[in-house]
Structure formats: structure tokens, C-alpha cells
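Here is a short briefing on a protein model. Look at the sequence and the fold, then read the points below.

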Amino acid sequence: MNIFEKKHIHFVGAGGIGISALVKFFLSKGAEATCSDQKPGATLNDLEKHGATIFVGHDAKNIPENTDLVVYSSAVPKDNPELLFAESRNIPLLDYPQALGEVMKGYHGIAVSGTHGKTTTTSLLGKILERAGMDPLVVVGGKVPGWDGNLRLLEKTETEKIFVAEACEYRRNMLSLSPQMLVLTNIEADHLDYYRDLDDVMNAFETFIQKLPEDGTLVVNADDSNTVKAAKTGHARKLFYSLRDKTADLYAQDVHPAEQNGFLGQTFRLSWQGEDLGEFFLSLPGEFNVSNALAASLAALSLGAEKEAIRDALADFHGTWRRFEKIAERDGAVIYTDYAHHPTAVAKTLAGARSQYSDKKILAVFQPHQRDRTKNLFDDFVNAFGDADGVLFSEIYDVPGREENIQISSQDLAEAFRKKYQKPVWYAKDLSETQEKILALIPEYEVVLIMGAGDIYEMAMSLVPEPSEKVLEENLVKF
């Protein structure tokens, strides 16, 4: 299939953060796009402004007669009436990862994958290549300042066509991509509603690595033992980055909290294959974000980016949507929101907050994402909140179509946390109660960190006092 020849594409589940970028991409190429999703929202409004025709709700009548391709979100069930209609009319069907893979065939593809850090690393790499004049196409699972949200389009036609894409590991979705470079941040047991265990996750990433051509490049986190183990497979060139191993191709040392131009962050020195590149500033907290910056910088260096482009891009990067995103200051407390929903991501995000606010009281607010994940990683979740001074657990977010009848509650997490730490802990049965308790607790805490991959972000945005017109338009949703 030559996906670039399609003239009218229908997108099912178009409100998703990944698939919505593809809608805008094909509209920029002159294709017509119709889009459907179960409920309205800011993303669909944005797509309509770009020229897409929007349908709220799923119905076979949403698909125009001249449709020559249907692309659907991986979250859409197989019995969706639009998918069934497309099958009955022999209209080609691709899920989002497959469509992304078809687009990548037309470019020098760079996939960023791993359990954590994909969005930040993808965004950083895109910003570095942009600053280096390499003009990348980028599709990322978050909204990036200075881009069209989750998409950066090529500005010039004469540049080498580089495509940087975030590659999700859920259901082995990343195997739909065939990149020339793979940036692998880390590997952990996750999505255990699909994968059997860590070995099964490892097998999926090893298969992905083996897809790289012999003249391709694998960028490896030398500080993650699972990633190093997986990297032993395949024949592509391997480049390593590290905060621990001085023999790595790119090595960071002397990491310290710092402030530059009013932004809190950290400084570090970089060594590239033995050459001292000097000091760099990153306005993001936490050692894990230095690791993300290393991954992006090493990939960019291997493509020929100059160190000054990296230095400038890292200094100017102030994060993405829902990645330690500062949304407000309210009644003396600074409020952040983050997408963290795995124990490791929660712990690292809290550690980053603690490094920036070592003398402040931190309230962690967490909405677990999916009952299966909460049950399988229960002890890890309990252990992840040690850097918080108090924790508020909101009830678990049930993922439509991915939940079984699993008897577990956030109240179980709260009780286990109380026994382990003897710190203040609260439970909220829903988002309304979560909001009430945050407002009541703010006078006691100077930093509020709201984490989760579900709809808790909508509640978080309701805490913004006198939100700007832009915030209202893009983010504020009634819950």
C-alpha cells in the first residue's frame, strides 16, 4: 500500500493523542479527512479547525462513499460499527501503529521506544534536530510548545526527510514500524494485561531490535540492565549513553540542580566518545530526565548535529503536556501534573520533584490507571511514594475495553501506604472528592504533584485559578 496516494481517509477514535497527529499530517498533504470519536473534546475541536469533518459517536453512516482508507485507534473494539462497515465494503483498514508504519516507509525513520521516557525523549530529539537545521517530521504522544501540538511538519522540501516517532510497546504496536534508528530508553514489566511477564516484554523489544537494518543504529541506555541485555541481539550499530559508565559513547557527569533564566532545572557535563562537550542546562527535574536528554542527544550526534544545537535545544526545552507540567500556583502552592502511571515513573517523578523542592512539603495525588496494572504491581506502587510528605489516592481509572472483574481499589493502596510509611494518606472515591480534598490540603503543602494517565488531568485543570483563554480552550474539561 502507498498510503500517500489515499485521497479520503476516515479516522475512528480520532481523539487519541497519536492518531490525531496523523489526521493533521494527511490534511497537510491535501487528503480529505473525516473523524469520529465517542465523545467531543478539545482534540476533535482542533482537528475541525484543521479542516477535518467531525462526527461524535460511531455509526456506519459516518463513513463517506469515497473513503479509500480507514485508520482506527488501537483502543477501538473490533465490533465497532464503522470498522464492520468498512470490512463489508472492502475498504482497507489500518490501525494507528500500522498507519504510522506506512508513513515511516517514506522517510528516514527514527523510533523512540521503551517503558518510560518516550514522549520527553521524542520531543527533545525533535527539538535538537530542529535547532540543528535538519527539519524533522515528528509525531509525539504529547503536546509540545512551538509545534502543532503533537505534530511537527517539515518546513522545507529539499531537506533529507527525517521522521521521528514515538513507538508504543503496548500489544507489540511498535513492531508495525521499520525504522533506520531505534532509541531504546528502558525496559520494564508493564502492560501485563497483554504481556505474560517481563520475559515476554523482553522478547517483543528484541524482535523490534532485529528489525533494524545492518546499516541502522540502536541507541542504548547503558544504565538499564534489561535494555543492555536486549541490545545483544540484532546486527545494527550500537551506541550507548550513561550516567554511570565513563566508557559509554555519551556520558554525563557532575549533575547538579540549577536555575537559568528563571527556570529550575539541572546542569551536567557531557563527554562524546572521549571528547568533553562542556556544560549543559536542562530545565527539567530528575536524573531520569538527564537520561532522556542523553538518549536524544546521542541520537542527534550520530546524525551529525553540532553540540551547540544540542546545548541550545536542551536549555530552551521546558517540557511537554502532562510531563511535570506546571499548571498553576494557588494559595501558596505550586501545582504540577504528570502522566506517570507505572511505579518506576511515579518514583522518579517524585524524586525529581524532591530534588527541586528539597525543603518543601510535597503532596502526591495519584489516580492508578487500570485495575490489572494496579494488582500486578501493587507492592511497587506502595513503595513508589517514599519522597512524598503526604499522598492522596484517587479511585482507579478503568480503561474502557481493557478491564476484567478485578477486585482492587485505591483504598487498598492507601491502607498499605499508611502501614509502611506512617505518613498522612487519604482516599477519594471519585474526582469530585479528589478535588475537594486537594483544595482542603493545599494550605498544608507547598507543592502538589498530580499523577496518572486517566482523566485526572481534567480535574487538575479545574484547579487553575482564572485560567487563560488558551487553557480554557485546549485543556479545561468538565468532569
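The largest nonpolar core has 51 residues, and F11, V23, F26 and F163 touch the most other members. Such a core is a set of buried Ala, Val, Leu, Ile, Met, Phe, Trp, Tyr and Cys residues joined through side-chain atoms within 4.5 Å. Buried means under 20% relative accessible area, exposed over 50%, and partly exposed in between (1.4 Å probe, protein chains only). This is a predicted model: local features need pLDDT of at least 70, side-chain atom pairs count only at pLDDT 80 or more, and totals for chains, interfaces and linings use all residues. Residues are numbered from 1 along each chain as its sequence is written, and side-chain values use heavy atoms, leaving out hydrogens and water.

- Helices (H or I, at least four residues) and strands (E, at least two) are DSSP runs, numbered from the N terminus.
- A second, separate core has 42 residues, including L129, M134, V140 and W147.
- In soluble globular proteins, nonpolar side chains tend to be buried together.

**H341**
- H341 sits in the loop between strand 17 (333-338) and helix 10 (343-356).
- H341 counts as buried because its relative accessibility is 16%.
- Beyond four places in sequence, H341 touches V346, F366, H369, R373, F381 and A453; contact means heavy atoms within 4.5 Å.

**Q180**
- Q180 lies in the loop between strand 9 (162-166) and strand 10 (181-184).
- Q180 counts as partly exposed because its relative accessibility is 28%.
- From Q180 to V346 is 166 residues in sequence and 32 Å in space, C-alpha to C-alpha.
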